[in-house]
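Hello,

I am handing over a structure that you have not seen before. Please have a look at it, and then read on for my notes.

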Amino acid sequence: FSIVFRSQKAPRAGVEEEEEELDCSSPKVVNKYQFAGNVANAAIEAVKAQCAVGKSVAELCEVGDNIINEKLQAVYKGKKIEKGIAFPTCISLNNCCGHFSPLKEDSIDLKDGDVAKIDLGVHVDGYVALVATTIVVGKDVTGRKADAIVAARTAADVIIRCLKQGKKNNEITPLIEKTVDAFGCKAVDGVVSHQIKRFAIDGTKVITNKNVPGHQVEECSIEGHEAYAIDVVVSTGEGKCRELDTKCTVFKRAPDQKYNLKMKTAREALYKIEKTHPKMPFSLREIDDSRVRLGITECVRHELLQPHPVLYEKEGEIVAQVKYCVLLMPSGPLKVTGDDISGVTSDKSVEDEEIVALLKTPVKTKKGKKK
């Protein structure tokens, strides 16, 4: 879940490394994305299966992270390849838009009817697979909850069909807005689908889900052999989210920032983070040293760490999310992550003729049968 308000290109870490980076024309790269995707899919399925009334959100987040780490141990064994969590498991409920990955002492338990957005990411050798889904705890999905989930799913279905060579990002955004509007919902301000690159969950190319006055994204064209994280977050409200007083627990090292920290605890914290999470976001749940946690505050103050704050819509509104990763192959987009929520239905539907026609088209090009 990425909030982006910018008109310039995103900062990039390790430009020299990126110039040498292989794209999805390399079978080795595709395999690594697929390995990461398989682990991400397994983790989110396991968390979904354990989402029940009375379950602790913090413990469920730990389930997701533990499964990622366990399954990665079986991948590329004996090789010097970095692998791990690319985004810590977050479970954001109801009007919470994202990034809720609480410590045990700050956790809450799932209640009957909660709308839970599960979000996580995995990387193998820096090739990232992100996935998010939305479920309703303990009940059939109906009414506005169903509207929000189907709106997010349908908008994501529109985006993947638009990922064609030469298509411009600003041609896709109006279709997303029309799709979400058809279900009486609004896309959440600032949420974008990102191009993903090696060791980067937020590449320079973005597709915004909603045009926000004064916050335009740079125009770009879709090219073959790129990889994208399709990310749609919709609300039954106005789509405007804000921080409340929930503690932020997800951070990422700001690659280009330097500062001579004064506090010993802050220096220790930064040293440990640069050793264990130099390029990917992490959760405070992974840091059991209270001194390191204490030092993180100064690191954030001096912009050495980028926080991923917990964001909220208005109380009483429902927020749903769908996220999956696709590789743009010659035969069409290849999904490497994604949850099946096709069983959720809404009494609303898309009526725009252009979008209806688009949704009827196949995602991948069919190969001719050999005679």
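**What I found**

Strand S10 (residues 250–253) and S12 run antiparallel and are joined by 3 bridges; strands are DSSP runs of E with at least two residues, helices are runs of H or I with at least four, and both are numbered from the N terminus. Within this pair, phenylalanine 251 stands opposite proline 307 in S12.

A word on the source: this is a predicted model, where local features need pLDDT of at least 70 and side-chain atom pairs count only at pLDDT 80 or more, while totals for chains, interfaces and linings use all residues. Residues are numbered from 1 along each chain as its sequence is written, and side-chain values use heavy atoms, without hydrogens and water.

S10 and S12 belong to an open sheet of 3 strands in the order S11-S10-S12, with antiparallel pairing (two strands pair if DSSP finds at least two bridges between them). Its edge strands, S11 (282–283) and S12 (305–307), each pair on one side only.

H7 lies across S10, S11 and S12 and runs at about 95° to S12. Contact here means heavy atoms within 4.5 Å, and angles run from 0 to 180 degrees between N-to-C directions, with axes fitted to C-alpha atoms, for helices over the stretch in contact.

H7 (residues 290–301) also packs against helix H6 (residues 264–276), at an angle of about 95° and with the axes 7 Å apart. The two helices are therefore roughly perpendicular to each other, a label for angles of 65 to 115 degrees. Among the residues making this contact are Leu270 and Ile273 of H6 and Val292 and Ile296 of H7.

Enjoy exploring!

Definitions and conventions:
Angles under 35 degrees count as roughly parallel, over 145 as roughly antiparallel, 65 to 115 as roughly perpendicular and the rest as oblique.
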